[in-house]
Amino acid sequence: HQPVGPPFSETLVRRLRRAERVAVLTGAGISAESGVPTFRDPDGLWQKFRPEELANVEAFLDNPELVQGWYAHRRQVVEDVEPNPGHVALAELEQWVTARGGEFLLATQNVDGLHRRAGSERVVELHGSITRSHCIECSAPADASATERGALTCESCGGLVRPDVVWFGEMLPEAAIAAAQEAAALADVYLSVGTSAVVYPAAGLPQLARQAGAYVVEVNPIPSDIAGLLNEVVRGRAGEALPDLVR
Ligand code: BJW
Ligand code: ZN
C-alpha cells in the first residue's frame with residue numbers, strides 16, 4: 001500500500017516556511033517525468049552507453065559523429081517535451097521565498113534548460129547547456145541553427161564543434177560552482193532532487209550544506225549515494241512530491 005498523507009514531515013514544512021535561504025540541487029530525475037531519460041536508470045535509447053563512455057573529450061575526439069549524434073538526439077528530445085509539475089513547483093518555491101525577502105538558488109546538473117522554461121530565474125547550470133556549442137580549435141560559438149543541425153565543424157576554421165557542456169575531467173564553470181557552493185553553505189533548507197549524487201563536485205553540495213547546518217532533504221524514489229547524510233528523505237517522484245510540498 002501507499003502511506004497515508006504526504007511523504008514529508010511537518011518539520012520540513014515548518015522549516016521551509018521559516019527559511020531565509022533555500023538552495024536546491026537538481027539532477028536528471030527532475031526531468032524524467034517530462035520524458036527526458038536519466039543517465040543511470042535502466043531505460044532509453046542511449047542506455048547501452050554509460051555516461052562515462054560518451055561524456056568525455058577522448059570519446060568525442062575518437063568518434064565525434066557518435067557523441068554529436070547523442071547530443072543531437074537529446075536536443076530533439078528536450079525540444080519535444082515540456083517542464084513538469086516538479087520544475088514548476090521549484091519555480092513557485094523561488095517566488096515564495098524571494099517574495100518574503102529570502103534568498104533562493106537553484107543549481108542544476110541538467111543541460112536541458114527546463115528549469116528556465118518552467119519560470120525559475122535564479123538558476124546556475126553546473127554542467128552547461130546543450131542548446132549552445134563552440135569550436136574546439138578557435139572557440140567560436142556555433143550559431144543556434146548550426147547547433148540545431150548538429151553541424152560537426154566550425155564555419156570559420158573547420159575545427160570540430162562540441163556542445164557547451166561539462167564532460168568528465170573538465171572543470172565546471174567557475175562562477176556557477178562558486179555560487180552553488182556559497183548558497184549551499186548559507187542555506188537553512190537544502191533540497192537535493194532527482195540526482196544519484198555520484199558525480200562531483202555537484203554531489204559535494206548537499207554535504208557542504210549539511211556541514212554548514214542546513215536541513216538537508218532528498219527527493220528521490222530511490223536512495224542516492226548521499227542518503228546517509230540527509231536530515232530527511234522524501235521517497236517519491238519530484239513531479240508529485242514537490243507540488244505537494246510547495247502548496
Ligand atoms: C528521480 C525520478 C523522479 C528518477 N523524481 N528523482 C571526487 C571523487 C571521485 C571522483 C571525482 C571527484 N571529483 C571529481 C571527480 C571526477 C569526476 C567524477 O565525479 N567522477 C565520479 C563518477 C566518480 N568529476 C568530474 O570529472 C567533474 N569535473 C571535475 O571534477 O573537474 C575538476 C577536475 C578536473 C580534472 C581532473 C580531476 C578533477 C565533471 C563532471 C561532469 C559530469 N558531466 C555529465 C555530462 C554533462 C553533459 C551531458 O548532459 O551530456 O553530467 S555526466 C552526467 O552525470 C551528467 C549529469 O549532470 C551527471 C549527474 O547525473 P544525475 O543528474 O545525478 O543523473 P542520474 O541518472 O545519475 O540519476 C538520476 C536520479 O534521479 C536517480 O537517483 C533516480 O533514482 C532519480 N529519479 N526518476 C525524482 N521522477
Ligand atoms: Zn573554429
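Here is a short chat about a predicted model of a protein chain with a ligand.

Me: So what is the chain built from, how many helices and strands?
Reply: The protein chain has 11 helices and 8 strands. Its radius of gyration is 18 Å, close to the 18 Å that the globule rule gives for 247 residues, so the chain is as compact as a globular protein of that length.

Me: And what does the C-alpha trace span along its principal axes?
Reply: About 60 × 40 × 30 Å.

Me: What share of the residues is buried?
Reply: Buried residues account for 40% of the 247. As for contacts between residues at least 6 apart in sequence, 66% of them join residues at least 24 apart.

Me: Which domains does the assignment give?
Reply: There's domain 1 (1–36 + 83–127 + 171–247) and domain 2 (41–80 + 133–165). Their C-alpha centres lie 28 Å apart.

Me: OK, switching to ligand 1. Which residues are closest?
Reply: The closest are G27, G29, Q109, S196 and Y200, out of 36 residues that surround ligand 1. Two elements give two or more residues to that shell, α2 (29–32) and α11 (238–246).

Me: Which domains does the shell around ligand 1 draw on?
Reply: Domain 1 and domain 2 each supply at least three residues.

Me: What does Q109 touch, leaving out residues up to four places away in sequence?
Reply: Q109 touches T26, G27, L126, H127, T195, V199 and A202.

Me: Where does UniProt place the "active site" feature?
Reply: The UniProt record, an unreviewed entry, puts it at H127. That residue sits in the loop between β3 (123–125) and β4 (128–135).

Me: Why does H127 count as buried?
Reply: Because H127 has 21 C-beta neighbours inside 10 Å, and the cut-off for buried is 20 or more.

Me: Which residues is H127 in contact with, setting aside neighbours within four places in sequence?
Reply: Q109, V111, V165 and V166.

Notes
Residues are numbered from 1 along each chain as its sequence is written. Chains are lettered from A and ligands numbered from 1 in the order in which they are written. This is a predicted model: local features need pLDDT of at least 70, side-chain atom pairs count only at pLDDT 80 or more; totals for chains, interfaces and linings use all residues. Helices (H or I, at least four residues) and strands (E, at least two) are DSSP runs, numbered from the N terminus. The radius of gyration is taken over C-alpha atoms; the globule rule is 2.2 Å times the number of residues to the power 0.38. A residue is buried if 20 or more other C-beta atoms lie within 10 Å of its own, exposed if 12 or fewer, and partly exposed in between; C-beta atoms are placed from the backbone. Two residues are in contact if their C-beta atoms, placed from the backbone, lie within 7 Å. A residue is near a molecule or strand if its C-beta atom, placed from the backbone, lies within 6 Å of it. Domain bounds come from an automatic or database domain assignment. UniProt positions are given in the numbering used here, feature names are shortened, and annotations may be inferred rather than shown by experiment.
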